Amino acid sequence: MIHITDHPWLQNANKAPNVNLGETVRARLQQFSVMNKFKKKALRVIAEHLSVEEIADIKEMFENMDINKKGQINFDELKYGLRKLGHQVADSDVKALLEAVSYC
């Protein structure tokens, strides 16, 4: 078994160049950090204000849409699941939903 400190990335860490990633990357990392905090707070609000039955319904809906049972819903699964629920949503709107959720 290889020890984690033996990994080539860590062995060559001192040889890696010190490259400035720029303001864009820094800004995106900060946005990502804030989004994760936002997501945690949103989930807390949901957990505190939804009934056990409502949470179970949401979980069941997710599990029904997660056709490949990977714990994530892809574009096709979301599109199919929404249509199955009677919502005719344009592909661009399905894509927008996925992008909005992926930033949280």
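The buried residues of helix H4 make their packing contacts with H3 and H5. The model described here is predicted.

**Helix H4 and its ends**

- Helix H4 covers residues 75-84 and gives two or more residues to the lining of the largest pocket.
- Five residues of H4 are named as buried, under 20% relative accessible area: Glu77, Leu78, Lys79, Gly81 and Leu82.
- At the start of H4, the backbone nitrogen of aspartate 76 lies within 3.1 Å of a side-chain oxygen of asparagine 74.

**The largest pocket**

- The largest pocket holds about 860 Å³ of space.
- Its lining consists of 22 residues, and those closest to the pocket centre are Lys39, Leu43, Ile58, Phe62 and Val101.
- Two or more lining residues come from each of helix H2 (22-49), helix H3 (52-65), helix H4 (75-84) and helix H5 (91-102).
- Helix H3 supplies six residues, the largest share of this lining.
- Sorted by class, the lining contains 17 nonpolar residues, three polar residues and two charged residues.

**The annotated span**

- An unreviewed UniProt entry places the feature "domain: EF-hand" at residues 53-88.
- In the model, residues 53-88 are 64% helix and 0% strand.
- The end C-alpha atoms of this span are 26 Å apart.

Notes
Residues numbered from 1 in each chain as written. Predicted model: local features only at pLDDT ≥ 70, side-chain atom pairs only at ≥ 80, totals over all residues. Heavy atoms only, no water. 1 Å grid on protein atoms, 1.4 Å probe; cavity = no way out; pocket = protein on both sides within 12 Å on 5 of 7 lines; lining within 4 Å. Points joined across faces, edges and corners; volume = space filled by probe spheres on them. Helix = DSSP H or I, 4+ residues; strand = E, 2+ residues; numbered from the N terminus. Nonpolar A, V, L, I, M, F, W, Y, C, P; charged D, E, K, R; others polar. Buried < 20%, exposed > 50% of the residue type's maximum accessible area, 1.4 Å probe, protein only. Contact = heavy atoms within 4.5 Å. Polar contact = N/O pair within 3.5 Å; in protein donor to acceptor, adjacent residues only side chain to side chain. UniProt positions renumbered as here; feature names shortened; annotations may be inferred.
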